[in-house]
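Okay, thanks for coming, everyone.

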Amino acid sequence: MNSKAGSTFGSDGATDSSAARRNSKKPKYSKFTQQELPACKPLLTPGIVISTFALIGIIFIPIGLASLSASEHVVELVDRYDADCVPQHLRDDKLAFIQNSQTNKTCTRRLIVPKQMSSPIQVYYQLDNFYQNHRRYVKSRSDKQLKSKSSERETKTCEPEGTTGDGLAIVPCGLIAWSLFNDTYSFSANSKSLQVNKKDIAWQSDKKHKFGSDVYPKNFQSGGLIGGASLNASIPLSEQEDLIVWMRTAALPTFRKLYGRIEVDLEANEEITVVIQNNYNTYSFGGKKKLVLSTTSWIGGKNNFLGVAYLTVGGLCLFLAMGFILLYVFKPSNLISWLYCGLSLRL
Amino acid sequence: MKRIVYINDESCQDLYCDNRVSNRKYTLLNFLPKNLWEQFRRFMNQYFLLIACLQLWSLITPVNPASTWGPLIIIFAVSATKEAWDDYNRYLSDKQANEKEVWVVKNGVRKHIQAQDICVGNVVWLRENDEVPCDLVLIGTSEPQGTCYVETAALDGETDLKTRVIPPTCVGLDSEQLHRIKGVIECPNPDKDIRRFVANMRLFPPFIDNDICPLTINNTLLQSCYLRNTEWACGVAVYTGNETKLGMSRGIPEPKLTAMDAMIDKLTGAIFLFQIVVVVVLGFAGNVWKDTEARKQWYVKYPEEGPWYELLVIPLRFELLCSIMIPISIKVSLDLMKSLYAKFIDWDEDMFDAETKTPAHAANTAISEDLGQVEYILTDKTGTLTENRMIFKRCCINGIFFGNESGDALEDVELLNAVANNIPHVIRFLTVMTLCNTVIPIKSKSGAISYKAQSQDEDALVKAAAQLHMVLIGKNGNIIVEVFAEINFNGSILQYEVLDILEFTSDRKRMSMVVKDCQTGKIFLLSKGADEAIFPCSNSGQQIRTFMDAVEQYAQLGLRTLCLGWRELKEDEYIEWSHMFKEASSTLVDREWRLAEVCQRLEHDLEILGVTAIEDRLQDGVPETIEILRKAGINFWMLTGDKQSTAIQIALLCNFISSEPKGQLLFINGKTEDEVARSLERVLLTMRITTSEPKELAFVVDGWALEIILKQYKEAFTELAILSRTAICCRVTPSQKAQLVELLKSCDYRTLAIGDGGNDVRMIQQADIGVGISGREGLQAARAADYSIGKFRFLKRLILVHGRYSYNRTAFLSQYSFYKSLLICFIQIIFSFLSGISGTSLFNSVSLMAYNVFYTSIPVLTVVLDKDLSERTVMQHPQILIYCQAGRLLNPSTFAGWFGRSVYHAIVVFLITIHAYADEKSEMEELSMVALSGCIWLQAFVVTLEMNSFTILQILAIWGNFVAFYVINFIVSSIPSAGMYTIMFRLCTQPSYWITMVLIVALGMGPVLALRYFRYTYRPSAINILQQAERSRGPIYSLGMLESQLKSVEKDVASLSINQPKSRSSVYEPLLSDSPTATRRSIGPSAFDFFQSMPSRISSSYMRNCKDN
């Protein structure tokens, strides 16, 4: 019997042609196309989960202890001076004191070194409630201008501190540069002055690639309103390390910036005298100013957070692991009980 | 508005377009504007464009506009490229059609030209099996009567051949004259009505006369039809190119939206609202802070008086910061995933039909997830459940049953003996079988005879007769009036002259033939048809009781029956009738009706010869497929044009319904409205009462009753539809099929329609998912469908494997996309509280863009390979599909989980970062990179935890991406001009960076892991149980619990859907919220039930198990 040829008369042409066309389309077997790539299917078995938690706990607690001890070894000396450095009679109107260029802003502080501090000792200034991350502020700079002399006029992003009233470009322009921190500290111990090394406080990469060595300050702080420090117009920007440090904006409203380094060891209970030129205005917004002397360790400055967090998390994980073990022993899962039931049936 | 066509006139062809077919959406010139316009009509794209435009305003943009424009342009480029590629393919197929060679008369000579060069007025010549290149008015054929046959399947989906006639005025022109013919055709302007063509034609002298001759659709050959059974035909082109009837009716089908897409859209809307709330609140707070605090911060230098829009600046900044809440990558990722799902279907070797060499094909690449959420399957019967391969199995001749014992009449010795002994009844029966049809025998060169039949039944009958030694060896001449049929019977050749054919119509349900025996000169009327059409015409003296029994008996077996009858005609009776017949055939008004009436006059007093029974075998694997899919909670409706008893039999055979006492059939029937209404009410009552019983109820309704019900009692029927899991609708028309789909869709059910023939096309297009079987009735259904498969049994794989995986994968991908965008967004929001609510972005533009486009998009794309359960397990436990059907993996509550996770992770990342990097370390670039790294670390672990299976690709993608993050950032960190120059090197040398990362991961993932483990162990979902079972290779023991778990789920669904079909929101409860009682119960008696009720399956799987071990 000739069954195939004649029976599908209805659409012979179409079927045949497309059948021929499709014939070549027979799927080629490969493990990928058949979705049969070998795969492992890890399950959340009690063994895996409990050992994971136990492992985390076991690893975390030593790390936490190490971090904590590193942090504990860091000696830190913090002195808040913004309030105390205003003369007693002017404390009612601090703002007037700071804005008056005539008042004597020199202020002397005595600090006791709590523990032996080995060099190098980092000198930081800390500002509180200072929003270097405010949008208006953080954007108000011109990286191009800082980098090369030819881009001097690129001040569009610097508003409202792009140009002077006469339309001359300010170098360096922008709110960040304009508000450069201008308190200064000079240290002495045992009536012998302590040298503060202000070299290499900025990142090398910034000095080399972000701030031009041929860019000199121009028209800086020449407007009506003086923001912060002024710059020596004969030193190129790449050497103005205070500026470079300041221009690395902080992400948080409380931040420390490197002022310099003291490269001698300080003994415990040594008394240090700091002469502060208290110029910077934090009084209008109630910000605090602190002077910080600190040693460093492999983990950075004094920060107990990581250590405490590691100990807590490690402890919790161990606790969870124990809990799961207890649960596993006293209240086996339905799932497992079922498999268990089945097993006994089978036997 | 008329179009005047001058036949064969070369001079006036410029008036109308040429025959260039163009399905292209675009041209080279308009591609860009038109494509952009199309893309921007989507809300998401408008939103992104608005955001991108806002970012151009440097005052408010937190980041470089490139971070939005970049991805936006990539996304647009990707979709534009896809469109361009599709359009190019359309162009290629158009080109193929346009450059097809056709014969056209030019200047009196027949020339071979390309189809695109046909002009209006040309005379086009076609040969047998040629495709009609444009709309033609027929003027000549090879048949002296001026008829030809066309197949119009591509146009209207009807597979039977249609007769077309040449207008009377052209009758008798020979081919030489046709070359030189001149004339004018007046026709309407192009329209898309394929059933109407009202025109006039007038030939110029010297041809006949100049009478106006009316033309109808019967005088046309429309584009894309095929010329069949006719040696040649020629016609005048009247509509060409895109102005043909097909060209005008070509439309772009509405894109289908999956339930998941709808859910994702809803969630997007919710996130959008949330975003607006955040923006308003933060904007307000920001303005307040600015006025109270920021004015005191002298270094910010706020001007006293801002511009008028000052109040808007901060809210708009936050709008931009939060704009990433709606991930721009989700659209691209989803499109990519969906096309991969479709490819997996195309590639699937297990769905390759070796018999017809057809692979499965997903024509619609966008709706794979819906496959996993199907609730109703509406299936055609013939060709879908059955093979549509008719085989003659039994017959009843003159009251004697043949083939009852062996099941095959052709092997029945009694019948063979009867044939050998020339029992007159049997011979007559065979003669009718052989002659009374429109089968065309074709003799090949080798001498073998093959048959071309329009109807599978006729084919089966002729073949069966041939096996019984009555072979139809030829029909001489294609002349309808005088066909000489030659029959070779036991070596002797009998010749019959076919005098008239009384054609089959669906109203008459029978066909007859008047033949003249060339030896004896006697004239016979031979009839065959459905029982209800033949029995009333029988000789009143004859006992037809046994035949009726036979029909009944065969129908019970699911066989298709035809009754054969005959009558000898007196010469004068025939001649008298013949006149009437000729007259009726040439009438112009109501010809069909008149013909039917004339036929009626001849078809009476038939002597019933017997009943044939033809088997249409079930396809392989149909009962199993239906059983599995029904276990998966899918309801089946069978919609068939066949008669009730056959439909019920087939339904029983393929597990569609159970026989008594397990199942019960409820019939809705009646001829009048009242009867139907009463019947419907009764069925509905029964249905309501018995819903609690474990009885399988199904209702049966026929086309007539359905017509009334759909018109008058739609509500009651809707309730019935909801209550009943199974239904059989017989004798339904294509439009009723589509109406039923519409009805179920209106109840918010996800429907899948599967069919194979032209009559299923409407239903397939109407349903949420249309599946076509590329079967023997041609490819219309397959072409119209979203998916085409070779056999019905592949449906279970399509749904349970492809549909389910697609659903799971998309559920994860979409929610994850939101999660990771929300994560970064929440970090920005928390940061804004530490930056004076001024809208500063913590992250730089490059990181933000790369985060969305690379770091978080690529690893998660490999979820396309994720399998929670193996294919085998799913097939063994199809009940698991309920998780997809009920939308348990993507719904507001699961989404809330992801939302919560993103909040938690954002808090973890941010708090740890700012505490670990406080004071002297709080440099902006460093801190932002620490936070970003924290996010990336978390992502890698989140994706790892959420995926169920890991192939090498997934591991590579997740951890490769992780490494790539560092590599990319090292590269960016070594570009001096980049903002983050040296940052990454600095961080990587700090031990505290790595310690911070590990802390973020531990604190971020610890609770997630613990919670997940707790749920997995103490509140496992059915999926978890199966996963565990898969692992321990003991599938049987966990089944009991699984069953009961699913039962409780199902109960929820059922009760809800009964009470309030439209608000099934509470189905969307979280995966794991099963009450403790339900879990407890599951260990108890229900498991016991399970063991009792399905012992066979246990033992079988136990056996298999043993083998495995």
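A:Asn197 sits across from A:Arg261, which belongs to strand β8 of chain A. That strand covers residues 255–262 and is linked to β7(A) by two bridges, running antiparallel. When I say strand or helix, I mean DSSP runs numbered from the N terminus, with H or I of at least four residues for helices and E of at least two for strands. Two strands count as paired if DSSP finds at least two bridges between them.

Quick housekeeping. This is a predicted model, with local features needing pLDDT of at least 70 and side-chain atom pairs counting only at pLDDT 80 or more, while totals for chains, interfaces and linings use all residues. Residues are numbered from 1 along each chain as its sequence is written, chains are lettered from A and ligands numbered from 1 in the order in which they are written, and side-chain values use heavy atoms, leaving out hydrogens and water.

Back to the sheet. In chain A we have an open sheet of five strands, antiparallel in its pairing, in the order β2-β10-β4-β8-β7. At the edges are β2 (76–80) and β7 (196–197), each with a single partner strand, so one side of each has no neighbour in the sheet.

Still in chain A, there are a couple of cis peptide bonds to look at. One joins A:Ser119 to A:Pro120, with omega about -5°, and A:Pro120 is in the loop between β3 (106–112) and β4 (121–127). Another joins A:Val171 to A:Pro172, with omega about -15°; here A:Pro172 is in the loop between α6 (143–147) and α7 (175–178). For context, most peptide bonds are trans, and most residues other than glycine have a negative phi. On the phi side, over in chain B, B:Asn129 is not a glycine, yet its phi is positive, about 70°. You'll find B:Asn129 in the loop between β4 (123–127) and β5 (135–141) of chain B.

As for domains, the bounds come from an automatic or database domain assignment. For chain A that gives domain 1 (45–74 + 297–330) and domain 2 (99–295). Their centres, taken over C-alpha atoms, are 40 Å apart.

Now, how many residues does each chain bring to the contact? Chain B brings 130 and chain A brings 101, where contact means heavy atoms within 4.5 Å. The area buried between them is about 10200 Å², with 63% from carbon and sulfur atoms; that's accessible area (1.4 Å probe) lost on putting the two parts together, summed over both.

There are four salt bridges between chain B and chain A, meaning a side-chain nitrogen of Lys or Arg within 4 Å of a carboxyl oxygen of Asp or Glu. A:Arg256 makes a salt bridge with B:Asp919, with the closest N and O atoms 3.8 Å apart. On the side of chain B that touches chain A, helix α35 (residues 991–1018) gives the most, with 17 residues.

The two chains also pair up through strands: β1 (residues 39–40) of chain A and β34 (residues 950–951) of chain B are antiparallel and joined by two bridges. There, A:Ala39 stands opposite B:Thr951.

Last stop: the whole structure has 46 salt bridges over all chains. One of them links B:Lys290 and B:Glu310, at 3.2 Å from N to O. B:Lys290 is in helix α7 (residues 259–294) and B:Glu310 in helix α8 (residues 310–322) of chain B, so the pair ties together parts 20 residues apart in sequence.
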